[in-house]
Amino acid sequence: QVQLVESGGGLLQAGGSLRLSCAASGVMFSIDTMGWYRQAPGKQRELVAKITSGGSTNYADSVKGRFTISRDNARTMVFLQMNSLKPEDTAVYYCNARVTTIQRIQRDYWGQGTQVTVSS
């Protein structure tokens with residue numbers, strides 16, 4: 001079983017910055033892609049950014065130039081640096097990891113979510 005634990009959410013004013021962290025633990029063969037998704041009230045969950053084990057990144061158009069995703073050297077943690085935050089960034093942010101299990105099966109795991117609220 002793989003666990004993802006997020007931290008770093010909070011309440012702040014527009015224009016501010018916040019850094020989210022997510023730590024993966026458990027028994028697995030490898031962690032492949034890690035990413036951040038968000039879900040605002042009444043909306044579907046959407047991709048914010050993701051990063052592969054090789055370091056390739058992908059961002060939603062709405063956050064390009066403002067958010068930066070990164071991973072640690074051990075590739076068990078993923079971070080999301082969020083700058084120039086806007087009220088429309090308000091959402092619950094979820095960490096995602098695509099894992100290859102020890103049975104060599106790919107599975108997606110999700111964190112519990114962390115609230116980010118940006119006031120105008």
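1. Disulfide. A search of the whole structure finds one disulfide, defined as a pair of cysteine sulfur atoms within 2.5 Å. It is formed by C22 and C95, whose sulfur atoms are 2.1 Å apart. The torsion about the S-S bond of C22 and C95 is about -80 degrees, so the disulfide is left-handed. The pair links distant parts of the chain, with C22 in strand 3 (residues 18–26) and C95 in strand 9 (residues 91–100), 73 residues apart. Strands here are DSSP runs (E, at least two residues), numbered from the N terminus. C22 counts as buried at 0% relative accessibility, and C95 counts as buried at 0% as well. Buried means under 20% relative accessible area, exposed over 50%, and partly exposed in between (1.4 Å probe, protein chains only).

2. Basis of the values. This is a predicted model, in which local features need pLDDT of at least 70 and side-chain atom pairs count only at pLDDT 80 or more, while totals for chains, interfaces and linings use all residues. Residues are numbered from 1 along each chain as its sequence is written, and side-chain values use heavy atoms, with hydrogens and water left out.

3. Nonpolar core. The largest nonpolar core has 32 residues, of which W36, L80, M82 and Y93 touch the most other members. Such a core is a set of buried Ala, Val, Leu, Ile, Met, Phe, Trp, Tyr and Cys residues joined through side-chain atoms within 4.5 Å. The elements giving two or more residues to this core include strand 5 (46–51), strand 7 (67–71), strand 8 (77–82) and strand 11 (114–119). Strand 9 gives the most, with five residues.

4. Strand 1. Strand 1 and strand 3 run antiparallel and are joined by six bridges; two strands pair if DSSP finds at least two bridges between them. S7 has S21 in strand 3 as its bridge partner.

5. Aromatic contacts. The structure holds one aromatic pair. The ring centres of Y37 and W110 are 5.0 Å apart and the planes are at 70 degrees, so the pair is edge-to-face. Rings of Phe, Tyr and Trp (its six-membered ring) pair if their centres lie within 6.5 Å; planes under 30 degrees apart count as stacked, over 60 as edge-to-face and the rest as tilted. Y37 belongs to strand 4 (residues 30–39) and W110 to strand 10 (residues 106–110), 73 residues apart. The charged end of R45 sits over the ring of W110, 4.7 Å from its centre. For this term, NZ of Lys or CZ of Arg must be within 6 Å of the ring centre and within 35 degrees of the ring normal. The charged end of R104 likewise sits over the ring of F29, 3.6 Å from its centre.

6. Salt bridges. Five salt bridges are present, each a side-chain nitrogen of Lys or Arg within 4 Å of a carboxyl oxygen of Asp or Glu. R38 forms one with E46, the closest N and O atoms being 2.8 Å apart. R38 also meets D89 in a salt bridge (3.0 Å, N to O). D89 lies in the loop between strand 8 and strand 9 and R38 in strand 4, so the pair ties together parts that are 51 residues apart in sequence. D89 is buried, with a relative accessible area of 1%. Salt bridges that share partners join R38, E46, R66 and D89 into one network.

Note on methods: Helices (H or I, at least four residues) and strands (E, at least two) are DSSP runs, numbered from the N terminus.
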